[in-house]
Amino acid sequence: MEKSYNPQDIEQKWYEFWEKESLFNADIDKTKKPYTILIPPPNVTGILTVGHVLNMALQDIIIRWKRMQGYAALWLPGADHAGIATQNVVEEKLAQEGITRHDLGREAFVKKVWEWKEIYEERIISQLKALGSSCDWRRKRFTLDEGLSRAVRQVFCKLFEKGLIYRGNYIINYCPRCKTALSNDEVEHIDTQGKLYYIKYPMEGKKGFLTVATTRPETMLGDTALAYHPDDNRFKPYKNKKAVIPIIGRKIKIIEDEFVDRKFGTGLVKVTPAHDTNDFEISKRHDLDIIYVIDDAGKMTGEAGKYKGMDRFEARKVLINDLKEMGLMEKVIKHNYAIGQCYRCDTIIEPYLSTQWFVKMKPLAEKAIDVVKRGEIAFHLPRWKKVYFHWLENVRDWCISRQLWWGHRIPVWYCKKCNKFIVSIEKPEKCAQCGCVDFRQDEDVLDTWFSSWLWPFSTLGWPEQTEELDYFFPTDTLITGWDIIFLWVARMIMASIEFTGTIPFKDVYFNGMVRDENRKKLSKSLGNSPDPSALIKQYGADAFRIGLLFITPEGQDVLFSTERLDVGRNFANKIWNASRFVLSTIEKQSHSIKDETVVAETAEGKWILSEIQKLVNDITSFMKHYRFNDVAKTLYDFFWHEFCDWYLEMIKPILKQNNKGTTRNICSVMAYTLKTLMKLLHPFMPFITEEIYQRLPHREKSIMISSWPKPDKERINKEIENDIKRLKTIVMALRNIRGEMSVPPRRLAPCIITSSSADSLKWTPKYEIYIKELGKVDELIIGVNIPKPPFSASWVIESTDIFVPLKGLIDIDVEKSRLSKEIGKLEKETINIDKKLSNPKFLKKAPKEVVENTEKKKTDFITKIEKLKRNLETILEVNKDE
């Protein structure tokens, strides 16, 4: 093995090997249980993000683990056409060339988007492969491929036939930038400090005004009524009277409606049916006119009078000034409210009255609620069930039509002669009403999520009853972000129950959002989202994967920084260096290594074999419960500390004895332990574990298809574990004494271990060699009731005393001077902290955590001063005698 670990030397090599040997492929095998994960299809809008890397790494961890457990483990890859997002990026690219999609026309523009898709889908796949993703690439799907497109059309037609899809004129969320409708779940609501404008409406034919409060004064130009609550006696005298809209002078009726909130503003509200969802419902109850004053580009229409052609926000500014000049702006106050933004481009949404296609969600939601309540689908963490139930119990109809060119065209055809529409999977041959054979297809496309909600079964061949669908469906685990629990997870459950009669998956693990250290979501637009490809090159895929898992608490958001990946890289280097030592040691013994059936002959061998059984049990349990962070930390701690710091150090003095039989046995134990650790680490760090596995004695062609370790209870040895625990305590005591008394690292020291009870020392003789090696002891005396020698540092462990005579080990005068200076420095700093903590201004103004940290600092200083003073007393004792 090379002296230093270089991930570039092995990662591509092993990925090509895995692909060449078809190790990712999951075939139908009736002798095996299937285990299926479907990738949440990334959008073909560009490269993956660190958030994608976390999500993909978690899926790969599970699928590699299940593959090693003997399942026919399928991880089915694919990509999403991402209607709005992809059309946006392609339009932006065209804009740089001075071209719009309208210049090209629909067919040519869609062709351009397909070209984009081919390029960026390939880039995404390359990134996934660089990460080590073990997908069955033969089965790659795309939400616009022919099979999925047919499934989409069939679902639309089936829902229409059942009366669950309808076409209607409703207020929808409209993005003026993307020029398309959005569903409620595609709108992000941002808490904003805005303004509330109090506008005076003159009364018809009378002196006097009625004041109305609004956050959107520009929409007043489209008002068709003023409304108050029927129980609000303040406005009873004005019922059915008329007010005049300022500036444009249109007269509008004053009405009663129970929807009005008497506590908002003045209690009197303006009604603008074309530009507000609630106002539209009021208009239907009172048969009010509907007047559009903002168009689909966010500009004012001719109905807005002199403001025609202005951007809606520009018109607001001008209108406010005009109202002030007319004396009709009573006041403006600060007001906190949520503004809806497009989830793709952050443009402020415009409520817009439009004819769209909708899915009735209530009938679908009921069964989706039931399967989770019955426990057929488990959420990890369970707290997400409450969020899921709340959304489904209050679900609104889903607007599924989008005014885009990229996506699934709605399978609705309009007769060019009589304009009757026909819903059909394929283009109709003739109109049943008039016999015409000339049709035009609906111009709109379906919401991206309308294909994504079919992903679990359409990717396996549905609506055909394929062998793959029969074998791999329902799938087993979905790993996804909590932010799409409504957009995707809930809808997949509804669709699967509706169209296949069963659940789409058994478990849902919600991974956290990846944020920067300031808790901001990683975003290209914010400039805080690094390129995963660059990080893989810099750190290696294994270090990237395990580094992310170290900072990923179960189901919680991840605070990411590149510095955190250093821990992963250091761990990979540690694995490499430890493996070099093991492999170089067993190289000469390879012909006689019996790692699988080894019976340890030495104490440290029996101990590590015992500990590894418990580790296997713990890791397997953590994996079953999706405790990825616990797995990563437990394996890190065991490998670094138990295996490297203790076990490998304990074998060194035994190896120096050059006993061939013992050396062979140690090598067998090392091989077994290292191979077991590599298997446990493999799902997390696939490349380095494969490299090391291939250098160890092994049977299978790849660690990927080796068997997952199982704990062997016969190898658990509690007596040895307790002995090694005591040994560690003694060695740590010796190291602490050396550190505190500044014994030079290369100097060996004498040591006395004594107790009043002979039973307390019975275990020690067979561990003397380890105490000397690990504690840097040259002369070791063990006995009952040995008095403390003069000038000795001591340590007490339960009923056992440890003495280290210091005379001749350290320079007394130098150490005395050092300790005195350190004590003086800390005492001075403690006085300064005391002054700060006794200052009322500091205690009042400083944040609570700053005060707590300052108090902790003082406590730590006091503890350290006490320890240093004890050490100084020992030094002075030596000096006094001399």
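**Strands, crossovers and a pocket**

Mentor: Y197 stands opposite V332 in strand 13. The model under discussion is a predicted one.

Trainee: In what order do the strands of the open sheet of 3 strands lie?

Mentor: The order is 8-7-13, and the pairing is antiparallel.

Trainee: Why is one side of strand 8 and of strand 13 left without a neighbour in the sheet?

Mentor: Strand 8 (209-214) and strand 13 (329-342) each have a single partner strand; they therefore stand at the edges. From one strand to the next, the twist averages 20°.

Trainee: Why is strand 22 described as largely enclosed by the rest of the structure?

Mentor: A residue is called buried when its relative accessible area is under 20%. In strand 22 (residues 477-481), 5 of the 5 residues are buried, which means that the strand is largely enclosed. Both directions are covered: T477, I479 and G481 point one way, L478 and T480 point the other way, and all are buried.

Trainee: How do you know that strand 22 and strand 23 are paired?

Mentor: There are 5 bridges between strand 22 and strand 23 (residues 507-511), and the two run parallel. Since at least two bridges are required, the strands qualify as a pair. Within this pairing, T480 has F510 as its bridge partner. With helix 14 (residues 485-500) between them in the naming, strands 22 and 23 make a right-handed β-α-β unit.

Trainee: Which elements make the β-α-β unit that includes strand 1?

Mentor: Strand 1, helix 2 (residues 50-68) and strand 2 make that unit, and it is right-handed. Strand 1 (residues 34-38) pairs with strand 2 in the parallel sense over 5 bridges, and Y35 has A73 as its bridge partner. Strand 2 (residues 72-76) is mostly covered, with 5 of its 5 residues buried.

Trainee: Which element gives the largest share of the lining of the second largest pocket?

Mentor: Helix 1 does, with 7 residues. The lining comprises 15 residues, and E11, Q12, S126, A130 and I536 lie nearest the centre of the pocket. By class, 5 of the lining residues are nonpolar, 5 polar and 5 charged. The space in this pocket is about 340 Å³.

Notes. Residues are numbered from 1 along each chain as its sequence is written. This is a predicted model: local features need pLDDT of at least 70, side-chain atom pairs count only at pLDDT 80 or more; totals for chains, interfaces and linings use all residues. Side-chain values use heavy atoms; hydrogens and water are left out. Buried means under 20% relative accessible area, exposed over 50%, partly exposed in between (1.4 Å probe, protein chains only). Helices (H or I, at least four residues) and strands (E, at least two) are DSSP runs, numbered from the N terminus. A crossover is right-handed if, with the strands pointing away from the viewer, the path from the first strand over the helix to the second runs clockwise. Axes are lines fitted to C-alpha atoms, for helices over the stretch in contact, and angles run from 0 to 180 degrees between N-to-C directions. On a 1 Å grid over the protein atoms alone, a cavity is a set of points where a 1.4 Å probe fits but cannot get out, and a pocket is an open set with protein on both sides within 12 Å along at least five of seven lines; lining residues have an atom within 4 Å of a point. Grid points are joined across faces, edges and corners, and a volume is the space filled by probe spheres set on the points. Ala, Val, Leu, Ile, Met, Phe, Trp, Tyr, Cys and Pro count as nonpolar, Asp, Glu, Lys and Arg as charged, and the others, Gly among them, as polar.
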